[in-house]
Amino acid sequence: MNCPLETHEGSALLLAYSSGRLEAESTVRLQRHLEACSGCRQFVENQSAVWRALDSWEAPPVSTDFDRRLYQRIEQQVSWWDMLIRPFRPVFQSRSLPIAAAAGVLIMAGVLLDRPAVTPPASPQESAQVEALQPDQVQHAVDEVEMLNQFNHLMRSEPADPTSKM
Amino acid sequence: MWPGWCADQKPNKPAPPAKARPSAAAPANRNGRGPNPGGGVPKKNAPRINTPGPAQRLLQMTPEERERALEKLPPRQQEQIRRQLDRLDHLPQADKDRIARQIRGLDSLPPQQRRLVLQQLNAFRNLPDDRIQPMRRTLIQLMRMPEEQRNARLDSDAFKKQFSPQEQEILRDLSGNLPLDYLPGR
């Protein structure tokens, strides 16, 4: 078997093997090659390290006031510079920056090799438009909440229900 | 007072797809695990964000934000709203949670559908006392039926004899658009 790292298609082979998507026959051939080729072995080990790092990462639970804080933040005036660097703040604050950088480079390499044509995501036509509650909307909002409360009460009570309130 | 209404908001809950029946917003993006047991991207449950209507925003406001909105109103109206808010704030937490869920369901509806549902909820609330119980029972029955069975019932002669045209419209619109959250005991 030719060394996969020396051919463009071969890199895709290694990536497929690392993610468990390679067909059985090719897997057997590749495993025999890996026993002899330290370069390919290193590539596979690096990919596996990336998967393990991603597997061990757990998203933090979303706080109950997430929505409220998000809308508040959207409403705030933000300078263009702040908007530009904000996405990168967590990277600079992270202690695992070298690992993250290495993982990012490997993933990028994998994506580029696996999918040479990358179409940029379409920008959303609308962003969530959040406005502060206007005074005239307060009355409508309160009325709506009250109406739902009364509807719920009507749906609960029976004429002979001794626990019915109101 | 009001932020306590939002205690049951769980933005990362998976939501059913939005269609005629009110539901939460579109399903959250998820990345499933790769076929390799040792690999794969961890699942990410992105917070589900719907566009909140006035009622939902009201429930999410801090007392300070609410006061800022109220102080722009005429004093008499301020007083009336404060009385209403005080009454609502003293509801049991379970009732508040239920209302908060119902409001989120309403806000996920298309605007026209939302207006229709609110209009019919209001009409239901204003029914004569002697019509509330038969309407209530029938609405619960209809909401529990599959769509075909419900439509058959709504179109039946027996049903049309039992309810006025306005009542029929209320039952048709609410049973076809209210989420099951609106059923008692949920």
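In this predicted model, helix α8 (residues 135-156) of chain A packs against helix α4 (residues 93-107) of chain B, with an angle of about 115° between them and their axes 10 Å apart. Angles from 65 to 115 degrees count as roughly perpendicular, so α8(A) is roughly perpendicular to α4(B). As for handedness, the crossing of α8(A) and α4(B) is right-handed.

Who actually does the touching?

| Helix | Residues in the contact |
|---|---|
| α8(A) | Val145(A), Leu148(A), Asn149(A), Asn152(A) |
| α4(B) | Asp95(B), Arg98(B), Ile99(B), Gln102(B), Ile103(B) |

Now let's look at chain B as a whole. Chain B has 186 residues, and 27% of them count as buried. If you take the contacts in chain B with a separation of 6 or more, 68% of them come from residues 24 or more positions apart.

Finally, pick out one residue, Arg144(B), which lies in helix α6 (residues 129-144) of chain B. Is Arg144(B) buried or exposed? Arg144(B) counts as exposed, because it has 12 C-beta neighbours inside 10 Å, and 12 or fewer is the cut-off for that label. Along the chain, Arg144(B) and Leu183(B) are 39 residues apart, and their C-alpha atoms are separated by 8.8 Å.

Note on methods: Residues numbered from 1 in each chain as written. Chains lettered and ligands numbered in written order. Predicted model: local features only at pLDDT ≥ 70, side-chain atom pairs only at ≥ 80, totals over all residues. Buried ≥ 20, exposed ≤ 12 C-beta atoms within 10 Å, placed from the backbone. Contact = placed C-beta atoms within 7 Å. Axes fitted to C-alpha atoms, helices over the stretch in contact; angles between N-to-C directions. Helix = DSSP H or I, 4+ residues; strand = E, 2+ residues; numbered from the N terminus. Parallel < 35°, antiparallel > 145°, perpendicular 65-115°, else oblique. Left-handed = near helix turned anticlockwise from the far one by under 90°.
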